[in-house]
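Reader: Hi! Could you walk me through the pockets here?

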Amino acid sequence: MATAGLVAVSDLVAPSSLDRGTLLTMLPFAAALAIAALGQTLVVMQGGIDLSVAGGLSLYVVILTKYPAGVNGRLLPAIGIAVAAAVAAGLVNGFLIGRLRLNPIVATLGTNALLFGAVLWYSAGIPTTTTARLASMGGGLWFGVPIPVYIAVAATALVTVMIKLTPTGRRFEGVGANAVSAYTAGIRVRRYSGGAYLGAQLLYCLAAVVHASIVNQPTAYEGNNYLLPSVAAVVLGGTSLLGGRGNLVASAIAALFLSQLDQFVLALGVTYATRILVQAGALAVGVALYTIDWRAMGRRLSRRRIATLAAT
């Protein structure tokens with residue numbers, strides 16, 4: 001509903017943000033953000049948060065562009081190397097948080113620093129042009145819709161089916177909702193809580209493939225653009241930061257909402273700093289909507305108002 005309302009407002013106030021050319025430019029980036037938001041949702045469903053999305057996505061983009069060096073035949077090996085790096089990063093996060101019980105913020109910040117170190121070591125901060133084969137995927141259209149959108153829809157459907165319709169997925173949600181009860185029921189809690197970070201990194205890797213196909217010459221810091229929006233998409237999608245059940249489809253739609261919101265603000269001619277403030281404001285609104293008990297707050301305010309009237 002919020003996305004539909006934003007489209008309606010955009011049509012009235014900033015119609016240029018809904019032009020065909022603008023949409024064809026925005027939708028691939030929205031698809032990459034939706035995939036990254038799926039990974040962040042898995043982590044948040046376990047009551048954690050993954051701040052290594054920036055370093056991870058940056059590293060995978062660098063691998064996908066620098067290793068092939070413009071040669072199409074080296075693209076598949078580059079994807080394999082990026083997947084291996086994602087598995088390694090996910091296992092590190094999973095071990096630190098699932099096994100050693102470190103704070104997710106501290107652990108993923110440390111992993112993020114290691115990943116950015118690997119980015120700078122491998123790329124030396126020099127951008128590399130993506131391959132023609134990868135660029136053709138990012139710029140291609142099927143029935144008038146960008147190919148990355150189909151990839152995001154397929155990823156959303158696959159992850160949703162795995163979480164919502166399989167025994168493993170139900171155990172995964174159970175661990176996030178109540179780890180003590182899940183452990184009592186015989187579920188291996190550490191395996192599921194740590195596995196969320198592995199799944200998240202694999203989804204970040206897929207998002208990096210999409211992103212590298214869109215940007216002709218990505219820099220070594222492309223992942224920074226996904227840190228705040230990926231968390232905001234999860235929160236706006238209704239997944240509780242305390243863990244438990246999550247709505248993966250809603251996270252993907254929230255990514256579309258944030259992307260269109262960015263285009264809407266951009267069409268109004270505001271500065272980049274204002275766009276960042278708008279994203280932060282959207283995150284704050286999402287946290288307020290889903291974490292504050294508004295009914296209890298309303299009751300307290302009513303009691304105070306009654307007490308004030310009685311005193312006067």
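Author: Happy to. This is a predicted model, where local features need pLDDT of at least 70, side-chain atom pairs count only at pLDDT 80 or more, and totals for chains, interfaces and linings use all residues. Residues are numbered from 1 along each chain as its sequence is written, and side-chain values use heavy atoms, with hydrogens and water left out.

Reader: What volume does the second largest pocket have?

Author: The second largest pocket has a volume of about 370 Å³. A pocket is an open set of points on a 1 Å grid over the protein atoms alone, where a 1.4 Å probe fits, with protein on both sides within 12 Å along at least five of seven lines. Volume is the space filled by probe spheres set on the points, with grid points joined across faces, edges and corners.

Reader: Switching over, what about the largest pocket?

Author: Its volume is about 540 Å³. Of its 21 lining residues, F29, N225, D262, R275 and Q279 are the closest to the centre.

Reader: Which helix leads there?

Author: Helix 11 (224-236), which supplies six residues, the largest share of the largest pocket's lining.

Conventions. On a 1 Å grid over the protein atoms alone, a cavity is a set of points where a 1.4 Å probe fits but cannot get out, and a pocket is an open set with protein on both sides within 12 Å along at least five of seven lines; lining residues have an atom within 4 Å of a point. Helices (H or I, at least four residues) and strands (E, at least two) are DSSP runs, numbered from the N terminus.
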